[in-house]
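Here is a short report on one protein chain. Look over the sequence and the model, then read on.

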Amino acid sequence: MQPPADEARRDGAEDAQWSRPEGQVWTGTLLLGTCLLYCARVSMPVCAAAMSQDFGWNKKEAGVVLSSFFWGYCLTQVVGGHLGDRIGGEKVILLSASAWGFITAATPLLAHLGSAHLAFMTFSRILTGLLQGVYFPALTSLLSQKVRESERAFTYSTVGAGSQFGTLVTGAVGSLLLDWYGWPSVFYFSGGLTLLWVWYVYKCLLSERDLILALGVLAQGLPVSRPTKVPWRQLFRKPAVWAAVTSQLSAACSFFILLCWLPTFFEETFPSSKGWVFNVVPWLVAIPASLLSGLLSDHLINQGYRTISVRKFMQVMGLGLSGVFALCLGHTSSFCTSVVFASASIGLQTFNHSGISVNIQDLAPSCAGFLFGVANTAGALAGVVGVCLGGYLIETTGSWASVFNLVAAVSSLGLCIFLVFGKAQRVDLSPAHEDL
């Protein structure tokens with residue numbers, strides 16, 4: 001007598017999961033990969049002023065180059081998640097990293113190809129955004145298939161902490177390289193390290209046969225062993241799925257608003273303050289906060305607490321309490337207090353890694369990459385709108401409190417919807433129930 005299909009699929013999924021030693025190696029490797037992703041991503045903001053001086057860009061032209069990254073970033077989220085579900089997230093990550101590493105290292109050459117510096121740099125940033133857009137959806141797909149549910153939050157939080165590490169590394173080392181050797185050295189540094197990381201993963205963690213097969217699938221569109229159809233209607237008829245998407249959208253929008261406007265807030269509100277304090281301290285706080293959220297989440301689940309209860313608690317911290325501290329930012333005149341509030345808000349936002357980010361993996365492990373891609377696309381678009389709306393509010397009201405009120409309102413909306421409709425049970429996507 002053969003076992004039921006659901007049990008067979010579950011056993012197969014468990015066999016495909018990483019062993020503890022494999023998980024530790026991959027977690028460290030992906031942590032470094034996320035760090036290098038952000039090193040490459042923030043290289044342009046670090047060098048923007050120096051490049052503007054060299055090429056004669058005004059603020060509007062520099063803004064075009066800086067924002068063009070997100071034009072590409074929004075377009076490949078769903079593609080990256082779907083490819084991760086089909087051919088394996090680790091292969092998608094490796095292939096995209098090799099491309100964005102090369103483009104980053106070649107950026108100084110692209111900038112000097114001709115007199116149209118602005119056009120070449122805008123194209124370069126769009127292409128970088130396209131390539132980096134696949135990373136987090138593919139990562140979500142990979143972890144949903146390779147990591148046990150009881151260890152998923154800590155693994156994702158640890159890997160996600162690489163974003164803060166990368167921001168710090170480029171902010172610190174990049175600033176020194178900029179002063180000593182000029183802006184091209186920053187791109188050589190981040191792009192070169194990325195290519196070294198790609199070489200390590202290729203040589204030590206992936207088989208050449210699997211990578212060649214993945215390239216063949218991408219080049220020829222050949223069928224693969226995993227299902228390629230996504231049950232769209234079945235998936236998006238579930239309130240829990242919409243709650244997850246809305247919560248991810250709110251988290252991303254709030255993060256982008258704070259990321260873009262906090263430096264300007266401190267510079268204008270406290271003009272005599274040291275820039276390294278408000279640009280570094282919040283991210284230093286965020287790193288241990290991210291690790292703590294993952295440890296706490298997995299510990300609570302292992303102690304017998306319901307998974308959805310833990311996920312919702314993490315969102316109360318990541319959206320609720322974080323929004324409260326953001327709200328307080330608009331009502332203080334003390335520099336030290338403002339740094340504390342900003343650090344608390346940014347740090348608590350990392351609890352979203354152990355809440356909504358892994359909840360998406362809870363709901364649909366077989367197509368988690370696709371679903372995260374949809375949610376992150378919505379979040380990226382909402383973030384761009386939120387950043388623009390924040391600028392409009394500052395111009396029209398003259399008050400920074402309006403920006404932080406917007407952060408609190410967006411966070412509260414996402415939290416309320418997730419608390420009411422959020423679930424952790426897997427969505428039934430079996431063929432018998434698909435409505436394609």
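V316 sits in helix 17 (residues 307-329). Helices here are DSSP runs of H or I, at least four residues, numbered from the N terminus. V316 is partly exposed, because its relative accessible area is 32%; buried means under 20%, exposed over 50%, and partly exposed in between (1.4 Å probe, protein chains only).

This is a predicted model: local features need pLDDT of at least 70, side-chain atom pairs count only at pLDDT 80 or more, and totals for chains, interfaces and linings use all residues. Residues are numbered from 1 along each chain as its sequence is written, and side-chain values use heavy atoms, leaving out hydrogens and water.

## Aromatic pairs

Rings of Phe, Tyr and Trp (its six-membered ring) pair if their centres lie within 6.5 Å; planes under 30 degrees apart are stacked, over 60 edge-to-face, and the rest tilted. That rule gives 18 aromatic pairs. Y135 and F136 make an edge-to-face pair, 5.2 Å centre to centre with 85° between the planes. Both Y135 and F136 are buried.

F265 and W400 also pair edge-to-face, at 5.5 Å centre to centre and 70° between the planes. This pair links distant parts of the chain, 135 residues apart. F265 is in helix 15 (residues 239-269), and W400 is in the loop between helix 20 (368-397) and helix 21. Why does F265 count as buried? Because its relative accessible area is 2%. W400 is buried too, at 13%. One aromatic cluster includes F265, W400 and F404.

Conventions:
Helix = DSSP H or I, 4+ residues; strand = E, 2+ residues; numbered from the N terminus.
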